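Open the model in your viewer and keep the sequence alongside. The stops below go from the whole chain to one pair of packed elements.

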Amino acid sequence: MLRLNRHLAASLGALYLSGFAVAEPAPLTPDQIKAATLTDEFSVPTPGEFMAALNKTGKMDWASKARPPIPTNFSSRAQQALNLGTLIADGYIAVESEDKQAVKNVGRDIVDLAKPLGVKEEIVNRGKSLTEFADDAQWDVLREELEATQNEVKVKFSENDDKDLITLVTVGGWARGTEVVAALIAQNYTPEGAKLIRQPGIIDFLSARLDELPPKLRDDPAVKRARVKLIELKATVSFPRETTPDADAVKKVATLAGELVKDLARKDLK
Amino acid sequence: MNRTLIALASILCAAAFAVAPSPTDDEVAARKTVLELAGAFSNDGFKLRDGHWSGPIKPGESKLVQVNLYAGNEYYFAVAGTGTAKKMTLSAYDETGAAIEIEDPFQEGATAAIGFSPVASGPYYVKVEQIEGEPTAYCLVCSYK
């Protein structure tokens, strides 16, 4: 495999150097754009990808964005799934902070929260890997492990006929990632950083998916809260491409996403 | 070397667990080929987004998927078809539908790859086209750094 990769890299490199003229494709029509496929696993980036983009704008104090432990014994499966997403985002924050103990703590909470969702075996193994890689300070590997953890949970939901929970994990992860990234951008404001919070495609996709949930799940208090908050957030992350939000606009995104994340972790949510 | 091996193991593991409705044998074969292609980019610091997009495709047919990207990151998209595909191509578009200029696209038989750095965060579109060959399956993956 390694030899093959080297050969591929070499041949790709040669082609990059030589280059070749390619006719520019015709623009897409509005109908084509409307008919484009959107999938949870391919169209929505992970919190780690969002954080990678932010890291290019300067050094960030990721550790300052850690939060106190949240409950892991929610009675509602929807609330469990939403908080599982926020915890996976917490894992990325712990990795960015290079905080071994925080990675282990988050890994343990992910396992606790995932058990009642029917993904115990897979998650316990992932939890062990997170601990081992944290002990060895293998931060790049941990980023991949977190991404694989999120994906594995979603696969298990898919196999268990719990497909609707996949969207909820994604919503939780996106909300926590957006809260933290927006808060860091507001703290270290730059126009380049501020432009990162533009995410109209993601919020449209997530809102639509929540609206399509079966009535029982849609009426869960945590899901209802998420639906309302995403509508508020939509206005703040859907600005035109040429616009650069100011620091107050960025803070508003952090505040709204933070309110949602806090609400999702409330055990008295009604 | 160890990191590369671990990264490759993770890529293959991710492929095995990717969320998708039971893939066909052709889709599995296309995924294997595209992961080998994407592996070349991992040597250059690109991380594979843990997911893929696959399905059947016919000659002359195109498939379009929305991807949400962040300005500041660099992205590479790679596609592969199975043995019956003779030529696959990739193109990318911004949210208005305008084609993105790709400096040095890679195209070799049933594989293709394009790379670009988005100027604005937001939705983009990637089109997979089968130019020549028999009906086949494709698999598209995304790498970023």
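Predicted model: local features only at pLDDT ≥ 70, side-chain atom pairs only at ≥ 80, totals over all residues.

**Whole chain.** Read from the N terminus, the elements run α-α-α-α-α-α-α-α-α-α-α-α-α-α. The radius of gyration of chain A is 20 Å, close to the 18 Å that the globule rule gives for 270 residues, so the chain is as compact as a globular protein of that length.

**Interior.** Colour chain A by burial next; 46% of its 270 residues count as buried.

**Helix pair.** Now select residues 163–187 of chain A, which form helix α9, together with residues 247–264 of chain A, which form helix α14. At what angle do α9(A) and α14(A) pack? The angle is about 145 degrees, and the axes are 8 Å apart. The crossing of α9(A) past α14(A) is left-handed.

**Contact residues.** Show side chains where the two helices meet. On α9(A), the residues include Gly172(A), Ala175(A), Arg176(A), Glu179(A), Ala182(A) and Ala186(A). On α14(A), they include Val250(A), Lys251(A), Ala254(A), Ala257(A), Gly258(A) and Val261(A). By type, the residues of this contact divide into 13 nonpolar, 3 polar and 3 charged.

Terms used. Residues numbered from 1 in each chain as written. Chains lettered and ligands numbered in written order. Axes fitted to C-alpha atoms, helices over the stretch in contact; angles between N-to-C directions. Helix = DSSP H or I, 4+ residues; strand = E, 2+ residues; numbered from the N terminus. Left-handed = near helix turned anticlockwise from the far one by under 90°. Contact = placed C-beta atoms within 7 Å. Nonpolar A, V, L, I, M, F, W, Y, C, P; charged D, E, K, R; others polar. Rg over C-alpha atoms; globule rule 2.2 N^0.38 Å. Buried ≥ 20, exposed ≤ 12 C-beta atoms within 10 Å, placed from the backbone.
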